[in-house]
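Please open the model in your viewer and keep the selection panel at hand. The stops below are meant to be taken in order.

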Amino acid sequence: MSARDLHGPGAPWGGAEPGARSNSDFKVVGQPRPKVDGIAKATGAAVYTDDLTFPGMLHAKTLRSPHAHARIVRIDTSKARALKGVHAVLTGDSMPIKYGVIPWTPDENALAVDKVRFIGDPVAAVAAIDEDTANAALKLIEVEYELLHTYLDPFESLQRKEPQIHEDKKGGNISKSVQLEFGKVEEALAGAEVVVEDDYFFHGSTHAPIEPHCAVATYSADGVLTLWSATQITHYVHRALARVLELPAHRIRVIQPCLGGAFGGKSDPFSLEFCVSKLAMVTGRPVKMLWTREEVFYAHRGRHPMHLHYRSGVTKDGKLVGVDAKILIDGGSYSSFGLVTTYYSGQLLTGPYHFPTYRFDSTRVFTNKPPCGPKRGHGSVQPRFAFEVQLDQLAEKLALDPIEIRRRNFQGDFTRTVNGQRVTSNGFLQCLDEVESASRWKERRGKLGFGRGLGVAGSMYISGTNYPVYPNDMPQAGVQLKVDRSGLVTVFTGGNDIGQGSNSMCAYIVAEELGIPVERVRVVAADTDLCPVDLGAYSSRVTFMVGNATIDAARKLREKLVAAVAEKWECAPARVRLIEGLAIDLEDTARSMTSVEAFQLAETKFDTLGSTGSYNTPKLGGDYRGGTIGASPAYSFTAHVVDASVDVETGRITVHDVWVAHDCGRALNPMIVAGQMEGSAYMGLAEALFEEHDVNRFGLHRGPSLLDYRLPTSLDTPDFHARIVESIDPEGPYGAKEAGEGPLHPSLPALSNAVYDAVGIRLKHLPFTPAKVLAALREKRAAASVPQGVR
Amino acid sequence: MLRLPQFELVQPSTVAEAVRALAECPGALVVAGGTDLVPNLKHELFTPPRVVSLALLAELRGIRRENDGSLVIGAMTPLAEVAESELVRAQAPALAQACSLIAGPQLRSMGTLGGNVMLDTRCQWYNQTYFWRAALGFCMKKDGTECHVVKGGRTCVAAASNDSAPALMTLGASLEIATASGKRTLALDDFWVADGIYNKQVARDEIVTAIRVPATGAGHRGAYGKLRDRGSIDFPLLGVAVRLELDAQDTVAQADVVITALAAQPKRITKVAEALAGTKPGTAAFDAAVEAVGALAHKQCKPLPNIPGDADYRREMVPVYVRRTLQAAARREGPVHHV
């Protein structure tokens, strides 16, 4: 079943030596080229969920809670039902079964049952002949609420047990708590030369994809439910629909059309998917629901605010001896991925530096705010920020160069972390070298004059995890290939292309393996009727896992092609090479046939042509409860240097340049990899300087619009310099690892560290607003004016 | 997507017809470029039975120079055109600069100068969807009675947020207005009412047809400074328009500073001319006077937590932006903006 180690990192034909680092043997892989759907997206031809329309289609809208925490006493939908043009009204009792993306914590209802937990919680849904009628009907629904105490402060949720936000949860308002210790931290810190202990705060932010969530459902006369949805987890949505709607899964088909961005914000099953499905079943009509931008803010699942306390110690040489973390996580109103978030907040910090001892104590609590979830760099961006700033604080105490302290603590490749994670290829040192030389760090750091500075930070991230959200031993990724007599190869993959280019990646691999142009490969993805299961686009797993499954399938097909041609030519299969749309005889290169002829020969010999391939992770992770969460078959590594200046009169920070070096194993398409690196760094700096997702004193979102939620514009964006580092992982597809999330992490701490170099203030509380910068500068001036003796 | 409420759209081809279309339908509203009104309609801040579009009134577009040297800018002239106009840049630099910083490029192509002058006041408790405002329990500006900015406040303090207005005030500009009974003129200085619910002395059934900017001479200096979070799109967190009139010896004879995004109307800082008069840009005396004007402005301006952003920080930035904008004007530079 597991195909994980069947294929080395080399090219299909030239990779005699498994560790081959050269890209020269590849024809497709490693070349910069456009995405397979690039033209369709650029011209507007691509079909997104909201572009779908069906005869007789109804439009659905959601009634939401205006209260942050309340019990529903009564709902009267009779007036709404009576409105002309309204076809159906649903309330929570129509779908009482709870769900949640993590099977251990199902605490969401498609529509509120008994109580509401944040302003924006869905309460009822209406399907009508058009949007205006549906909106008018919403205003006719009467809901009587009994208000409950509202939790907006996670510290209060930690202390106060009543009322409970989730009444069936043990232990008050705690969502998840994890304490793990590896080695004896106290002992180690007691022997440290220098210990730094400090508090850090990471605020909330959201994904803000261009495309709002949208879903369309049809229910056929023979009882098949089809759902088109802007999701990044087709398979989990499929399972959740079966559970909540109490339909056998074989009567449900879930399709993800072209998607306009996700970043983790579409990796839960969402209310609208259940509502349109149920409404289609009830009315017998196709039903669409498109959320407004405001509703997308309420759906949220964005970055968890975290209060982080770190205590780290080093030897006099700057070697870490122990790290101790205590983290309070504000989860918002539902669990979502929270169980995983809580583990990730501790488990993913143990590289690229060697931690001899490590302890973390992370607690996620519920509050009456939009639910948090996984945003690009799920659970690990916050601790990484705190720790990388603390590392600079340690370096300062030892008068060590910040890059030097990171080099000294490098964990090495092919090693094991203190918490039992297996690390394979590790190009972190080269990442540091790249950003050091590109930024002219040695000549410039500390020498740019007051007001301008350089800062560095590093990070690591997973390429998928061996923890499938529901336990099973089936493959995590499956791929099926089908060959047409025209020479076209169709790839069927459950993988969700959310703009990261996974469909392109599949096409490149098949083209590479079969020696055909990329244009002769078409990809059908994320359709549960047509495609083998893939778990979805999250945890940066797709290139690694779907890529390996694609290689697996393509090599099985290639074997058949080669065998058929070899038989025809009466030569050894080793003499047959598939390249550039041809099969050629390596020892008699005048002898060749087109790949179309080769396909037809193989179909004649073997019957209808096709193949399947799969990937499953090896057994990974520490031997303790939770030890598999965050255990990845390969880790990516990143280093950033940020060049920033501070206007000390206005407190405004300007970022000039960011050098991003990222070890992605092998870059299957360097253009897409560089795009992911730049996009990640942009998103990180956006969080650091502009974006803030929070509620006001009433629990109302402070500004659920793209005017008030400040996404940086092109004018606010620095120049990014992507440096791809290729460590060539032994288990990745041709040696590839992830590139979509890792490169976000260092942006924020590197910026904080650059500001310290610029003006000598240590920014530990995000976001870095001008007001905070001015306050810190004032504090610094006040401290400096105190006479030495007094201090 | 948020839906527009239903209304009747009227597209008159003369100003007289437009005024009539307004007069015969109480509650009717004017739409110019729509960049302010359309989102406000979607938020159900207005539910007019009729919207009268000025889009077809070609006579309201364009910039011309009168014989007396004054500029007449048609109310429907796009903001981008005002910002780029050589005439405006030469004669009224503060206005050109202010217009260049309104919203973003796309919105400046649609948005008009008349529309910006007539911009609705803004507040974080008001510029929200109907659902959001209902969850809040509404506010006194629309559908409610309370003020969430000033506890127990009886007057709406939603902020004048039009960048063009303070610049026009420093320039002594006036509005030409078409009414049911004919025409009238209104100085920008007399335009305001200290009420955020509706802060203008222009009735809902009147139409601003043009903005008249008096002639300026060789000694005129002007600039605009804008504080906002991003380099584009955002409304001002603070807007500072300045005017300096230099005499033949290049010393300051007259000066004016008007600040917006504070409360319902822009604020003219008092004693500015006295502080700056007689000083010569580039000298220590001028710098000291500029510093003093900054301090005056800081004393006179108290931003409220009406629009998004930290009110204390906005106040702290008042003297900084006043100083920088005055210095920019003196050097014939500007606008003062962080990008």
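Predicted model: local features only at pLDDT ≥ 70, side-chain atom pairs only at ≥ 80, totals over all residues.

Residues are numbered from 1 along each chain as its sequence is written, and chains are lettered from A and ligands numbered from 1 in the order in which they are written.

Select chain B, whose secondary structure comes to 12 helices and 12 strands; helices (H or I, at least four residues) and strands (E, at least two) are DSSP runs, numbered from the N terminus. Chain B has a radius of gyration of 20 Å, close to the 20 Å that the globule rule gives for 339 residues, so it is as compact as a globular protein of that length; the radius is taken over C-alpha atoms, and the rule is 2.2 Å times the number of residues to the power 0.38. Along its principal axes, the C-alpha trace of chain B spans about 60 × 50 × 35 Å.

Next, select residues 284-300 and 311-330 of chain B, helices α11 and α12, whose axes come within 8 Å and cross at roughly 145 degrees. Axes here are lines fitted to C-alpha atoms, for helices over the stretch in contact, and angles run from 0 to 180 degrees between N-to-C directions. Where they meet, α11(B) contributes residues including Phe286(B) and Val290(B), and α12(B) residues including Val318(B) and Leu326(B); contact requires C-beta atoms, placed from the backbone, to lie within 7 Å. The residues of this contact divide into 10 nonpolar, three polar and three charged, where Ala, Val, Leu, Ile, Met, Phe, Trp, Tyr, Cys and Pro count as nonpolar, Asp, Glu, Lys and Arg as charged, and the others, Gly among them, as polar.

Now move to chain A, where four strands form an open sheet of mixed pairing in the order β21-β20-β19-β25; strands pair if DSSP finds at least two bridges between them. Its edge strands are β21 (521-525) and β25 (610-615) of chain A. Strands β19 (477-483) and β20 (489-493) of chain A run antiparallel and are joined by five bridges, and Lys482(A) has Thr490(A) as its bridge partner in β20(A). Helix α15 (542-569) of chain A packs on the sheet, touching β19, β20 and β25 of chain A.

Finally, show both chains: their contact takes 26 residues from chain A and 23 residues from chain B. On the chain A side, α3 (131-138) and α19 (770-785) each supply at least two residues.

Terms used: Contact = placed C-beta atoms within 7 Å.
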